[in-house]
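I opened the notebook to go through side-chain pairs, cores and strand pairing, in that order. The entries below follow the order of looking.

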Amino acid sequence: MVQLPGVQDVTRAKRLIGRTATLEIRMVAEEHMNPGALEAGKRGQPPFGTDYYEERNGQPLLVRKQVVLTGDRLTDAQPGFDNQTNEPAVHLRLDGQGARLFQEVTRENVNKRMAILLIEKGKGEVVTAPVIRTEIGGGRVQISGRMTTTEANDVALLLRAGSLAAPMEIIEERTVGPSLGRDNIEKGFKSTMWGFIAIVAFMSVYYTLFGVISSAALAVNLLLLVALLSLLQATLTLPGIAAIALTLGMAIDANVLINERIREELRGGATPQAAITAGYDRAWATILDSNVTTFIVGISLLMVPGAVRGFAVVHCLGILTSMFSAVVVSRAIVNLVYGHRRRVGRLYIGDTAWK
């Protein structure tokens, strides 16, 4: 399976598939850079220990056969621009050993030319042959020289492919545009919205005023969750939206436990204020146990890469926000409604009769 995210030109993608290139860095054989040796190299008879190439501008070049560094030490290749000339370029990143080798070579060959070759299907091309002005450390190398933006993109893509060339036959081809993802996100938002509305309607009918309070706490929970995701600069995907929808159901479950506990206290003859206190205090242990066990499962899902990890992140954050909103926020609203009264005649929490 070959996936090329961000590539919209399908024809160009097909042309690139199956092509790979490797990088070779060699020193220019400056002692042989004379008209006679260059002419002999052009005829296919280069001096011993050298190879004949031509730069992109057509200038002949003799480089040593000894390879200083290869693309095996390459960890990344990205298109960009030269900071000085603003011309298209390819920015390379080397691994630790490659960075050390490159630093040693540039330190020992100051004021000498270094050729950067692109090898594809056994044929080489000198992309650039700059003069080493100073020692280069850090493992960052730039390839530039008479490239267009498209060529820089292609070179970077080919270098990232490395030496994984293999015969390819296209069996199936799919092109996914941004509209499909946008439609899925919109459907996810709508499903979450309708789920929230359905929960609010049920709670308001079944638990009356306490149902409205629970719905308000649920809205705060949703707001806190989105705020946390924004703070973490998280990208909201379909698995994340699914986790939000699941969080809504789990969050309201805590309020259902609290409301039912308050009902039981009222049925047992407790006063309204005592029923509220006992309902929150005694339901807390059950809420904590159920959420901790679910949180442990969410933590274990974080080890699974990809979409599952995104689901797990939102799921774990949702558990934390739901525990806060279901207990602290709803209790604060209940205290705001009933706490200032010296005596509460009754609680509007639905049917409290024994069944």
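**Salt bridges**

I took a salt bridge to be a side-chain nitrogen of Lys or Arg within 4 Å of a carboxyl oxygen of Asp or Glu. With that rule the structure holds nine salt bridges. Before going further I note that this is a predicted model, where local features need pLDDT of at least 70, side-chain atom pairs count only at pLDDT 80 or more, and totals for chains, interfaces and linings use all residues. Residues are numbered from 1 along each chain as its sequence is written, and side-chain values use heavy atoms, with hydrogens and water left out.

I looked up R26 and found a salt bridge with D51, the closest N and O atoms being 2.8 Å apart. R26 lies in strand β1 (residues 22–28) and D51 in strand β2 (residues 50–54), so the pair ties together parts that are 25 residues apart in sequence. I use helices (H or I, at least four residues) and strands (E, at least two) as DSSP runs, numbered from the N terminus. For burial I use relative accessible area: buried is under 20%, exposed over 50%, and partly exposed in between (1.4 Å probe, protein chains only). R26 and D51 are both buried. I also noted that a network of salt bridges links E24, R26, D51 and K65.

Next I checked R64, which forms a salt bridge with E31 at 3.0 Å between the closest N and O atoms. R64 is in strand β3 (residues 60–70) and E31 is in the loop between β1 and α2 (35–42), so this pair ties together parts 33 residues apart in sequence. R64 is partly exposed, with a relative accessible area of 31%. E31 is partly exposed as well, at 46%.

Which side chain does R263 meet in a salt bridge? The partner is E260, at 3.3 Å from N to O. Both residues lie in helix α6 (residues 238–267), three residues apart, about one turn of the helix. R263 is buried, with a relative accessible area of 2%, whereas E260 counts as partly exposed at 23%.

**Aromatic pairs**

I paired rings of Phe, Tyr and Trp (its six-membered ring) if their centres lie within 6.5 Å; planes under 30 degrees apart count as stacked, over 60 as edge-to-face and the rest as tilted. My search of the whole structure gave three aromatic pairs. The ring centres of F202 and Y206 are 5.4 Å apart and the planes are at 10°, so the pair is stacked. F202 and Y206 both lie in helix α5 (residues 178–231), four residues apart, about one turn of the helix. F202 counts as partly exposed at 49% relative accessibility, and Y206 counts as partly exposed at 35%.

I then turned to F210 and Y338, a stacked aromatic pair with 5.9 Å centre to centre and 20° between the planes. F210 lies in helix α5 and Y338 in helix α8 (residues 307–338), so the pair ties together parts that are 128 residues apart in sequence. F210 counts as buried at 1% relative accessibility, and Y338 is buried with a relative accessible area of 1%. I also recorded one aromatic cluster made of F202, Y206 and Y207.

**Nonpolar cores**

I defined a nonpolar core as a set of buried Ala, Val, Leu, Ile, Met, Phe, Trp, Tyr and Cys residues joined through side-chain atoms within 4.5 Å. The largest has 24 residues, and those with the most contacts inside it are F210, I262, I276, V334, L347 and I349. Helices α5, α6, α7 (272–301) and α8 each supply at least two residues of this core. The largest share, seven residues, comes from α6.

Which residues does I262 touch, not counting those up to four places away in sequence? With contact taken as heavy atoms within 4.5 Å, I listed F210, A275, I276, G279, Y280, L347 and I349. A second, separate core of 22 residues includes L69, V90, I116 and L118.

**Strand pairing**

I counted two strands as paired if DSSP finds at least two bridges between them. Three strands form an open sheet in the order β4-β5-β8, with antiparallel pairing. The edge strands are β4 (74–81) and β8 (140–144), each pairing on one side only. I found seven bridges in the antiparallel pairing of β4 with strand β5 (residues 88–94). I looked up P79 and found V90 as its bridge partner in β5.
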